[in-house]
Amino acid sequence: MTSAAPHDLVVTQATLADWPVIAGWAAAEGWNPGLSDGPAFFAQDPDGFFLGRLDGEPVSAISVVNYGAEYAFLGCYLVRPDLRGQGHGLTTWKTALAHAGNRTIGLDGVVAQQDNYRQSGFELAYRTIRFTGTAPRRETPAGVRPAGPADLAAITAYDSACYPADRPRFLAEWLTGPGHRAFVRHDGARLTGYGVLRPGHDTLRIGPLFADTADDARALFAALTADAAGRAVAIDVPEPNAAGVALAEEAGLQASFETARMYTGPVREHARHRVFGVTTLELG
């Protein structure tokens with residue numbers, strides 16, 4: 001997919017080799033992307049990332065990642081600061097949105113852009129609050145253990161119940177990425193939650209943190225941060241999950257950033273009450 005725009009902007013699909021440019025811009029915005037996010041993002045939809053270029057130089061970016069036939073998620077919407085206000089972002093946006101076809105599109109919008117997203121047909125679903133701070137010193141509780149290859153099928157099924165779409169390709173990479181640490185919680189033979197910790201540019205990132213109950217989420221949080229005590233950590237919590245907000249506050253984390261989860265239409269029913277921490281603000 002290619003689009004030429006006024007001022008000679010050319011928008012084309014990005015490749016994994018372009019990811020360091022996109023991640024670098026995101027880091028400069030303070031979004032704290034994970035250090036090894038790229039392979040997992042591209043595993044889900046290798047055609048879902050776009051760059052706008054002027055004379056071959058990248059100046060804008062966006063992702064519209066497709067999940068099956070009904071759902072897509074928009075993220076990484078960026079324009080190089082010295083070239084903003086010239087229409088490059090809008091051209092890149094329009095080109096990329098065509099990739100979603102008739103799917104419902106979700107995004108996590110920063111406060112400054114939410115009115116613009118509403119004008120493009122996105123409606124508010126809820127706020128997401130980023131909590132950051134120092135990981136507390138805790139021991140890994142009983143019933144929680146590191147995830148292994150044998151857990152992939154159960155985690156994938158559990159994730160599908162907590163997310164608006166199935167994403168097995170993404171999870172296969174996300175659970176095992178460099179520096180990623182995944183834990184599962186069991187009640188006998190039944191999985192009652194899982195979580196992932198990964199290194200980011202500024203802090204360690206927790207996401208997702210999906211669990212049946214607050215006790216399950218608290219146990220997973222303790223396991224994820226057990227070896228990170230004293231280090232900076234961040235988690236993005238849907239505001240409607242009061243137990244998730246309480247968990248972050250009990251850990252001594254402070255609200256530092258907010259976004260709005262917005263959709264262009266209905267999404268598949270899923271267990272929102274199990275979402276104590278979203279996976280990423282870039283892929284939902």
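This is a short walk through one protein chain, from its overall build down to a few single residues.

Keep in mind that the model is predicted. Every value I mention was computed from it.

Let's start with the whole chain. The secondary structure comes to 8 helices and 14 strands. Along its principal axes, the C-alpha trace spans about 60 × 35 × 35 Å.

Of the 284 residues, 55% are buried. The accessible surface comes to about 11,700 Å², and carbon and sulfur atoms hold 53% of that. Residues 24 or more positions apart account for 73% of them.

A word on charge. There are 24 positive side chains and 31 negative ones. The centres of these two sets lie 3 Å apart.

Next, the cores. In soluble globular proteins, nonpolar side chains tend to be buried together. In this chain, the largest nonpolar core has 41 residues. Which of them touch the most other members? They are W19, I22, F41, Y67, Y71 and Y194. Helix α1, residues 19-28, gives this core its largest share, 5 residues.

Leave out residues up to four places away in sequence. Then I22 touches A14, L51, A61, C76 and L78.

That brings us to L78. Where does it sit? L78 is in strand β5, residues 71-79. Is L78 buried or exposed? Its relative accessible area is 4%, and the cut-off for buried is under 20%, so L78 counts as buried. Again leaving out residues up to four places away in sequence, L78 touches I22, W25, A26, E29, W31, V59, S60 and A61. Look at S60 in that list. L78 and S60 are 18 residues apart in sequence, yet their C-alpha atoms are 5.5 Å apart in space.

Two helices now. First, α2, residues 37-44. Here 6 of the 8 residues are buried, so the helix is largely enclosed by the rest of the structure. The buried ones are D37, G38, A40, F41, F42 and Q44. F41 also came up in the largest core, as one of the residues touching the most other members. What covers the buried residues of α2? The cover includes α1, β3 (49-54), β4 (57-67), α6 and β10.

Second, α5, residues 152-162. I155, T156, Y158, D159, S160 and C162 are buried there. Their cover includes α6 (168-174), β9 (181-187), β10 (190-199), β11 (204-211) and β14 (275-277). So much for the helices.

Last stop, E239. This residue is found in the loop between β12 (232-238) and α8 (242-250). At 36% relative accessibility, E239 counts as partly exposed. Set aside its neighbours within four places in sequence. E239 is then in contact with R127, T128, I129 and V245.

Key
Residues are numbered from 1 along each chain as its sequence is written. This is a predicted model: local features need pLDDT of at least 70, side-chain atom pairs count only at pLDDT 80 or more; totals for chains, interfaces and linings use all residues. Side-chain values use heavy atoms; hydrogens and water are left out. Helices (H or I, at least four residues) and strands (E, at least two) are DSSP runs, numbered from the N terminus. Buried means under 20% relative accessible area, exposed over 50%, partly exposed in between (1.4 Å probe, protein chains only). Contact means heavy atoms within 4.5 Å. Accessible areas come from the Shrake-Rupley method with a 1.4 Å probe; for residues, only the protein chains shown count as cover. Lys and Arg count as positive and Asp and Glu as negative; His and the chain ends are not counted. The place of a charge is taken as NZ of Lys, CZ of Arg, CG of Asp or CD of Glu. A nonpolar core is a set of buried Ala, Val, Leu, Ile, Met, Phe, Trp, Tyr and Cys residues joined through side-chain atoms within 4.5 Å.
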